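Please prepare a short briefing on this structure for someone who has not seen it before. Keep it plain and group the points by topic.

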Amino acid sequence: MQGLKLAAALFAASLVTSGASLAETTILKNVTVIDGTGAASMPGSAIVMTDGKIAWVGPVASLKAPKGAKIRDMSGKFVMPGIIDSHVHVGMMHDVTQDEKYETPENVQADLKIYAAYGVTAVQVLGTDKDFVLDMRNQQRKSRPNMARLFSSGQGAVMKGGYGGLVGVTQPISTPQEARTLVDQQAAKGVDFIKLWMDDERKTIPVKMTYEVSSAIIDQAHKHHLRAVAHIFYLADAKELIHEGVDGFGHMVRDQPVDSELLDMMKAKGVWMVSSTLSREMAYSLAIMPWLQDPFFTRGVTPGTLDALRSPAREKAVVLGPTRFPGLPYERKVFFDMDRTVFQALENYQAMVQAGVNTGMGTDSGPNGRFPGFNAHEEMQLEVMTGRTPMEAIKSATSDNARWLGDTSIGSIAAGKWADLVVLEKNPLDDIRNTETIAAVYIAGNSVPTIWQTCRDRAAKACTGGSSTVSPVMPY
Ligand SMILES: [Zn+2]
């Protein structure tokens, strides 16, 4: 017995001392690296991934492959960092019905896998998480995840009777004291950010968060060394929130053009446009969704979603009335203005970029009508439509977003970072739509199924058409 114990101890010790030789290494060879920082792309490169981290990146000529390394020759392919979406909501939908009862660990994981399939390797959830999502996040941070990494704002601050949140998950507040208590509770749970909603849905909701409440939220967040990010719509609210010390905005100003006063304030205080959600405004402005036959879209959504979006009943309702997405209870007044809203958002995004405001990339995907992963590619295409280069769009979605998140371990391709990577067949710098030519996705060095290997909630053979090698076509 004693001898067995000793043998076991020796065996354990040998595992520790020979740990280096047990390291798992995979090398991506002969790729063009786009590192996410905006630096020029590097053809003829290799990336060495060891135990989920990038151990080395450089020219193939200087590559020293460790013994036993798996080598993947990826001649002709392009590698960029995993995309980070800084504004999502997870697990709240069943087909086109939104309800807190669908926010289960299974459904959240299903969404995180879809994000990953689209090359979105990290997401910031803004304010609709049940507590188990924080547990999942904690588990991810102790391991090598094989689905999108979570950053969580727990339960965000919603004004009682006002806009925002997720009924049954967020607990609305009405006084500064309640606001401070809410922030204390979220901080105790270990959230990454504090989210607040200040909107009245184009004056269709009589109650909007008061400035006393918002300033209490922001002040209390800062006492806990947490940053506050706000859902906004109006220019006046954006200015007030900056005075109160807000750290970032979860949507673009959309009621009118931004002015130099706002831009100057944002720059002077380093306030971020965390997520411009241009793809959200675009989705809402479209009566007929042009991507309903695009395999890049259809593979990532449930058959029930496709049936609802393609139904003749919906088409009729779109033409005759206000219904653009089944299940959305919006009034005509809200959708009526969406065409103007999307152009205002695009114009204001351009103004912020030109002024040099910190901009991330975020979509507000997850709720009805905005689709996990798919929207991130739409968002980058819309950024380019406003005049940014593909390189800048990629940077906003990778290293800039990592800077916003305050996480130095993701967002670019460099030694020491997590190996969160997207391998593309075609050069996204030639055409931003080429981010859709996804050949492989790695999260912490784990190869995960791509969207081209995915057929959500159906047998694989039910999804036909499209592949990583087919050139994407802008569906509109
Ligand atoms: Zn949102």
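The points below go from the whole chain to a sheet, a helix and a single residue.

This is a predicted model, in which local features need pLDDT of at least 70, side-chain atom pairs count only at pLDDT 80 or more, and totals for chains, interfaces and linings use all residues. Residues are numbered from 1 along each chain as its sequence is written. The chain has 16 helices and 18 strands; helices (H or I, at least four residues) and strands (E, at least two) are DSSP runs, numbered from the N terminus.

**Whole chain**

- The radius of gyration of the chain is 23 Å, which agrees with the value near 23 Å for a compact globule of 476 residues. The radius is taken over C-alpha atoms, and the globule rule is 2.2 Å times the number of residues to the power 0.38.
- The C-alpha trace spans about 75 × 50 × 45 Å along its principal axes.
- Of the 476 residues, 48% count as buried. A residue is buried if 20 or more other C-beta atoms lie within 10 Å of its own, exposed if 12 or fewer, and partly exposed in between, with C-beta atoms placed from the backbone.
- Among contacts between residues at least 6 apart in sequence, 72% join residues at least 24 apart. Two residues are in contact if their C-beta atoms, placed from the backbone, lie within 7 Å.

**Nonpolar core**

- The largest nonpolar core holds 117 residues, and Ile47, Val79, Ala116 and Ile217 have the most contacts inside it. Such a core is a set of buried Ala, Val, Leu, Ile, Met, Phe, Trp, Tyr and Cys residues joined through C-beta atoms within 7 Å.
- With neighbours within four places in sequence left aside, the contacts of Ile47 include Val79, Ile54 and Ile413.

**A three-stranded sheet**

- Three strands form an open sheet in the order S6-S9-S10, with parallel pairing. Two strands pair if DSSP finds at least two bridges between them.
- S6 (83–88) and S10 (149–152) are the edge strands, each with a single partner, so one side of each has no neighbour in the sheet.
- Neighbouring strands of this sheet are turned by 20° against each other on average, direction ignored. Axes are lines fitted to C-alpha atoms, for helices over the stretch in contact, and angles run from 0 to 180 degrees between N-to-C directions.
- S9 (residues 120–125) pairs with S6 over four bridges, and S9 and S10 are also joined by four bridges.
- Asp85 has Val123 in S9 as its bridge partner, while Ala122 stands opposite Arg149 in S10.
- Helix H3 (residues 131–141) packs on the sheet, where it touches S9 and S10, and its direction makes about 130° with that of S10.
- S10 is covered on both faces, with Arg149 and Phe151 buried on one side and Leu150 and Ser152 buried on the other.

**Helix H6**

- Asp237, Ala238 and Leu241 are buried in helix H6 (residues 235–244).
- The buried residues of H6 fall within an arc of 105° seen down the axis, so they line one face of the helix. The arc is that of the directions from the helix axis to the C-beta atoms.
- Helix H5 (211–223) and strand S12 (227–231) are among the elements that cover these buried residues.

**Arg180**

- Arg180 lies in helix H4 (residues 176–189) and is partly exposed, with 18 other C-beta atoms within 10 Å.
- Beyond neighbours within four places in sequence, Arg180 is in contact with Ala216 and Gln220.
- Arg180 and His251 are 71 residues apart along the chain, and their C-alpha atoms are separated by 24 Å.
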